[in-house]
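Here's a quick briefing on a single-chain model. Have a look at the fold, then read on.

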Amino acid sequence: MNHCTLCPVACGANRQLHAGYCGVKGLTVAKYYLHPFEEPPISHKKGSGTVFFGGCHLRCAFCQNYDVSRAARGKEISVDELCDIFRQLEDMGADNVNLVTPDHVSHLISKALSLYKPTVPVVYNSSGYCKVQALEQIAPFVDVWLPDLKFFSPALSERYTGRADYFSYAKEAIAFMAQTPAVWSETGKLLKGLLVRHLVMPMCTSDSIKLLDFMRETLPVDTPISLMRQYVPMGEWEKFPELSRKITDREYRRVVDYALSLGFQTVYTQERESAERAFIPTWDF
Ligand code: SF4
């Protein structure tokens, strides 16, 4: 970690001494709690034991957790303290331990999981912008892969994240994750496997459709997908006029209808009311 190349940015920061492009040196946590509003097989009955890590190497301009991803929020914790958080979430009755934005600290999360592996499934809740080598390191501890698949077009990902190579990494990451066979509980909880998320963005439905075509061509038809309509203008949206509004019913319907027409067997959708700031967590640290 004196020349970090953990993620595709490969900024080379000496993380023993200072933060890299992702904004953090070590582990930073902004909140952990039982999240009731993840997809039904993730939140399930008692809630998903989400741990929100500070910092992010993808730096989406519109990030729905902007305060945390830019590391302005959160407290630094040790690997041992992260193990204690896992135990606390289990004691609270969490249906799983859900690692939110873990890619830039996956080496430290792996250490924690090697010291204490929760008895509930471990969910890797990623931006999708990650290296397969990093996923291979943490895979022995992960049960459920929960990646975003954000952009197909290099121009779009460059516009909103500064990373034109988003899709070229995400497609390899998702191919790796898809190797974990799905296991469901009798009550509908995802115990192992892959669930792919896509946030539908204003003016981007054509890109969404290309991503759906990609998923249909490369993933088994029973791979569950989640089409999120919770976008609200956040972060640096004022620099992008098209990001100043929520998505319309027509935009969302176009994407959902297309997914259904491709034959995906399980498509999770969201109500229009999900696009409210009230559903964005408040941060504890
Ligand atoms: S994880 Fe952070 S420090 Fe490491 S290469 Fe990526 S941006 Fe740089």
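Predicted model: local features only at pLDDT ≥ 70, side-chain atom pairs only at ≥ 80, totals over all residues.

Residues are numbered from 1 along each chain as its sequence is written.

**Overall build**

- The chain has nine helices and 11 strands; these are DSSP runs numbered from the N terminus, with helices being H or I of at least four residues and strands E of at least two.
- A compact globule of 285 residues would have a radius of gyration near 19 Å, and the chain agrees with that at 18 Å (taken over C-alpha atoms, the rule being 2.2 Å times the number of residues to the power 0.38).
- Of the 285 residues, 46% count as buried; buried takes 20 or more other C-beta atoms within 10 Å of a residue's own, exposed 12 or fewer, and partly exposed is in between, with C-beta atoms placed from the backbone.
- Take the contacts with a separation of 6 or more: 71% of them come from residues 24 or more positions apart. Contact here puts two C-beta atoms, placed from the backbone, within 7 Å.

**Helix pair α8 and α9**

- Two packed helices are described by the angle between their axes and the distance between the axes.
- For α8 (residues 205-218) and α9 (residues 249-261), that's an angle of about 15° and axes 10 Å apart. The axes are lines fitted to C-alpha atoms over the stretch in contact, and angles run from 0 to 180 degrees between N-to-C directions.
- So α8 and α9 are roughly parallel to each other (under 35 degrees is roughly parallel, over 145 roughly antiparallel, 65 to 115 roughly perpendicular, and the rest oblique).
- On the α8 side, T205, S208, I209 and L212 meet E251, R254, V255, Y258 and A259 of α9.
- That contact divides into five nonpolar, two polar and two charged residues; Ala, Val, Leu, Ile, Met, Phe, Trp, Tyr, Cys and Pro count as nonpolar, Asp, Glu, Lys and Arg as charged, and the others, Gly among them, as polar.

**Helix pair α3 and α4**

- Helices α3 (residues 79-91) and α4 (residues 106-115) pack at about 60°, with axes 9 Å apart, so they're oblique to each other.
- Here too α3 passes α4 in a right-handed crossing.
- V79, L82 and C83 of α3 meet L108, K111, A112 and L115 of α4, which gives six nonpolar, no polar and one charged residues.

**Loop residues to look up**

- C63 is in the loop between β2 (48-53) and α2 (66-69), and counts as buried with 20 C-beta neighbours inside 10 Å.
- Beyond its neighbours within four places in sequence, C63 is in contact with S69, M234 and G235. P233 is 170 residues away from C63 along the chain, yet their C-alpha atoms are separated by 8.7 Å.
- Most residues other than glycine have a negative phi.
- H44, in the loop between α1 (40-43) and β2, has a positive phi near 45°. H44 is buried, with 21 C-beta neighbours inside 10 Å.
- R59, in the loop between β2 and α2, has a positive phi of about 55° although it isn't a glycine. R59 is buried too, with 22 other C-beta atoms within 10 Å.

Key. Left-handed = near helix turned anticlockwise from the far one by under 90°.
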